[in-house]
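Q: I would like to go through this protein step by step. Could we look at the model first and then talk about its parts?

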Amino acid sequence: MLLNVNGVVAEIPRAWQEESLLSVLREHLGLVGTKYGCGVGVCGACTVHVGGEARRSCLTPVAACAGAPVVTIEGLAGPGGALHPVQAAWLAEAVPQCGYCQAGQIMSTVALLRRNPAPDDAAIDAALAGNLCRCGTHQRIRRAVRRAAGERP
Ligand code: FES
Ligand code: FES
């Protein structure tokens, strides 16, 4: 099967086709920005986009992604490495602490802003409820989402 990841098409040999998308991304394609947290769909650290929607890659069979473009944190930046507005907002608000959950938080936020460009705190919390952060960065995440939405300078 063929897998389109961040605009690059990779051949996925039969031996990998029983694996999760997370496993293929990290172990075979070297895209380690997507994190392995719980492995059972609870923490959100493994969130990527599949066909434009946020998905937990630990629960997503790679075989289910044929024909659906996959975007990881490595694929968010624009030409020349220009940061995605959500990434820039994250830096401006100094969101990360240990950083482990942050790729998933950012991928969920990009998907949120695509469907709701001006989310209030309740919408932000609802969209990110499945992205756990043991470091307690949630207040800064809210500020960064609002900044990315253009509500903060
Ligand atoms: S590693 Fe996928 S939800 Fe935790
Ligand atoms: S920044 Fe450490 S788990 Fe979220």
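This is a predicted model: local features need pLDDT of at least 70, side-chain atom pairs count only at pLDDT 80 or more; totals for chains, interfaces and linings use all residues.

Q: Which domains is the protein divided into?
A: There is domain 1 (2-75) and domain 2 (79-148); such bounds come from an automatic or database domain assignment. The C-alpha centres of domain 1 and domain 2 are 20 Å apart.

Q: And how many residues of domain 1 are in contact with domain 2?
A: Domain 1 has 13 residues in contact with 11 residues of domain 2. Two residues are in contact if their C-beta atoms, placed from the backbone, lie within 7 Å.

Q: Which strands supply the side of domain 1 that touches domain 2?
A: Strand E3 (47-50) and strand E4 (53-56) each supply at least two residues of that side. E3 gives the largest share, three residues. Helices (H or I, at least four residues) and strands (E, at least two) are DSSP runs, numbered from the N terminus.

Q: What classes of residue are on that side of domain 1?
A: Six residues are nonpolar, five are polar and two are charged. Here Ala, Val, Leu, Ile, Met, Phe, Trp, Tyr, Cys and Pro count as nonpolar, Asp, Glu, Lys and Arg as charged, and the others, Gly among them, as polar.

Q: Let's move to helices. At what angle do H2 and H5 pack?
A: Helix H2 (residues 85-92) and helix H5 (residues 138-148) pack at about 135°, and their axes are 8 Å apart. Axes are lines fitted to C-alpha atoms, for helices over the stretch in contact, and angles run from 0 to 180 degrees between N-to-C directions. That angle makes H2 oblique to H5 (under 35 degrees is roughly parallel, over 145 roughly antiparallel, 65 to 115 roughly perpendicular and the rest oblique).

Q: Which residues make that contact?
A: H2 brings Pro85, Val86, Ala89, Trp90 and Ala92, and H5 brings Ala144, Arg147 and Ala148. Seven residues of this contact of H2 with H5 are nonpolar, none is polar and one is charged.

Q: Is the crossing of H2 and H5 left-handed or right-handed?
A: H2 passes H5 in a right-handed crossing. A crossing is left-handed if the near helix is turned anticlockwise from the far one by less than a right angle, and right-handed if clockwise.

Q: How do H2 and H3 cross, then?
A: The axes of H2 and helix H3 (residues 102-115) come within 10 Å and cross at roughly 125°. H2 and H3 are therefore oblique to each other, and H2 passes H3 in a right-handed crossing. Val86, Gln87 and Trp90 of H2 meet Ile106, Thr109, Val110 and Leu113 of H3. By class, the contact of H2 with H3 has five nonpolar, two polar and no charged residues.

Q: Back to H1: which of its residues are buried?
A: In helix H1 (residues 21-28), Leu21, Leu22, Val24 and Leu25 are buried. A residue is buried if 20 or more other C-beta atoms lie within 10 Å of its own, exposed if 12 or fewer, and partly exposed in between, with C-beta atoms placed from the backbone. The cover over the buried residues of H1 includes E3 and strand E5 (70-71).

Q: What about arginine 26?
A: Arginine 26 is in H1 and counts as partly exposed because it has 19 C-beta neighbours inside 10 Å. Beyond its neighbours within four places in sequence, arginine 26 is in contact with Leu31, Val32, Thr34 and Tyr36.

Q: Which residues other than glycine have a positive phi?
A: Asparagine 6 is one of them, with a phi of about 55°, and alanine 94 is another, with phi near 50°. Most residues other than glycine have a negative phi. Asparagine 6 is in the loop between strand E1 (2-5) and strand E2 (8-11), whereas alanine 94 is in the loop between H2 and H3.

Q: Is alanine 94 buried or exposed?
A: Alanine 94 counts as exposed, because it has 11 C-beta neighbours inside 10 Å.

Notes: Residues are numbered from 1 along each chain as its sequence is written. Chains are lettered from A and ligands numbered from 1 in the order in which they are written.
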